[in-house]
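Have a look at it first.

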Amino acid sequence: MELPARLCGLWALLLGVAPTETQPPVTNLSVSVENLCTVIWTWNPPEGASPNCTLRYFSQFGDKQKKIAPETRRSEEVPLNEKICLQVGSQCSTNESEKHSVLVEKCISPPEGDPDSAVTDLQCIWHNLSYMTCTWLPGNTTSPDTNYALYYWHSSLGKILQCENISREGDYSGCSFDLTKVKDSSFEHHSVQVMVKDSAGKIRPSFNIVPLASHVKPDPPHIKNLSFKNDGLYVQWKNPQNFKSRCLSYEIEVNKSQTETHGLFCVEEDKFEILEFEKNIEDTVCSMFIPGIRPDTFYTVRMRVKTNRLCFEDDKLWSDWSQALNIGEKPNPMFYVTMLLLIPVIVAGAIIVLLLYLKRLKIIIFPPIPDPGKIFKGMFGDQNDDTLHWKKYDIYEKQCKEETDSVVLIENLKKACQ
C-alpha cells in the first residue's frame, strides 16, 4: 500500500505540483452593519497556514452566492428582514474544486419586533430619474393611525436621510424624495437602501434594496407635430428629459374615434429618425412615419415610452400616455344632429307601416269566423213573425169556438125543460 502512495508523490514532484493540503480555518470572524442595509464581514488569516500557500478565502452567502478572493472582508447589500449568515474558509488557490478549510459562520439577527407588525408590499419607483416614490401596506397587527417614518440612503449621500412628506391613499401609505441622476456612468449600478418603521418604535422595521437600473418610470413624451405625407402619418415628438433615445422603447396609438382603436405601433430604434438635439443629447426630437393613415378621416394620436434593456434591467414600467393630439377632417356636427332627428321619424314611420302590414296580413292568414247566430237569424227571421201571428189566430179561433158551444148547450137545455 505504501508503494502506490510513494509513486503518486514522486509523480507530483516530477510535474512540479506540490500536493494540496487543507489549511486551518480563519479567525476572528465578525459582522457589522453600515448605512441601512450594508452588511460587512471581516476576519483574520488562519493561524499556522502553510508558508508556501498563497491564501485565498472562500465565502458563501446564502446557497448560491459563492466567492473566492484574497481580501479578508466581504460586504453585501441585503434587506435585513431575515437572519443572514456568511460562511468563510481558507484555501491556497481560486479553484472551487479545491478543498477549503473548515467553514466558520457568522450571522446577523433580524430586527426586533413582531414580524406581523412590519409593513408589507414595500415597493419603490424611480420617476424620470428625478425622484423616487415608495409605497407600502400596513402590517397585519398594525394600528390604522400608525405614524410611519421612511429612511433612505444611496452612494451619493453622506448620511442617512428621512423622507418628510408621508402621504396616504386608500390602504397604501407612501413617501417621495428627490433622487436626481448623477453624471456618473456607474450610478445606475448602485442601489437605494430603504427602511420603513413607525416613529414610536412599536412595529418591526422593514427593509428594501432598490437597484437603480430597474423600477424606472419615464415621464410621457411630448408630441410636437402631426402631419400627413405620402399616404401616411408623420409623427414628431420630444423625448422625456434625462433619457437618451436609444434607452427608450416607444408605442404610438392612433384612434379613429374615442371608441374605435385604429392601431398600436411599436417604434423600434431603426424605425424612427432623430431630427435635432435640444440643449443636450438627452433632449432629443424624433419622428416616425406611419403608413396607411388617410387624411380624410379624423384621428386622435397619443404615445408613451418605457425603458429598454439596452440601458436598464427593467422594461415593464410604461410612462403615462402623452397628451392626445387630433388630425384629419373633423366630422360635421350638423350631420349628426340631422341624423339624430331623422332616425326617430324614420323608425316611427317604419313601425306604422309595419303595423298596417301586419294587420292586413293577419286578415289574410286568419280570416274572421262567421257567427252562426246571425246566419240563422237571417234565414228564419220572417218565419218566426208568421208563426207568432198564426199562434195568435189559433188562440182566438179556439176562444170563439168555446163561446159558440156554450150558447148551443144553453139553448138545448131550454128546449128540454119546456
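Q: What is the bridge partner of phenylalanine 61 in β6?

A: That's leucine 86. By the way, this is a predicted model, in which local features need pLDDT of at least 70 and side-chain atom pairs count only at pLDDT 80 or more, while totals for chains, interfaces and linings use all residues. Residues are numbered from 1 along each chain as its sequence is written, and side-chain values use heavy atoms, with hydrogens and water left out.

Q: What makes β3 and β6 a pair?

A: Two strands (DSSP runs of E, at least two residues, numbered from the N terminus) pair if DSSP finds at least two bridges between them. Strand β3 (residues 56-61) is joined to β6 by six bridges, so they pair, and they run antiparallel.

Q: Why is β6 called mostly covered?

A: Buried means under 20% relative accessible area, exposed over 50%, and partly exposed in between (1.4 Å probe, protein chains only). In strand β6 (residues 84-91), six of the eight residues are buried.

Q: What is aspartate 219 in contact with, leaving aside its neighbours within four places in sequence?

A: Contact means heavy atoms within 4.5 Å, and aspartate 219 has Asn128, Pro240, Val305 and Ser319 as its partners.

Q: Why are β12 and β16 said to stand at the edges?

A: The open sheet has five strands in the order β12-β13-β9-β8-β16, with mixed pairing. β12 (166-169) and β16 (216-217) each have a single partner strand, so one side of each is left without a neighbour in the sheet. For β12, the partner is strand β13 (residues 172-178), antiparallel over four bridges.

Q: How confident is the predictor, and where is confidence lowest?

A: pLDDT is the predictor's confidence in each residue, from 0 to 100. The chain's mean is 79, and 72% of its residues reach 70 or more. Confidence is lowest in helix α1 (residues 2-15; a helix is a DSSP run of H or I, at least four residues), at a mean of 40. Where pLDDT is low, the predicted coordinates should not be read in detail.
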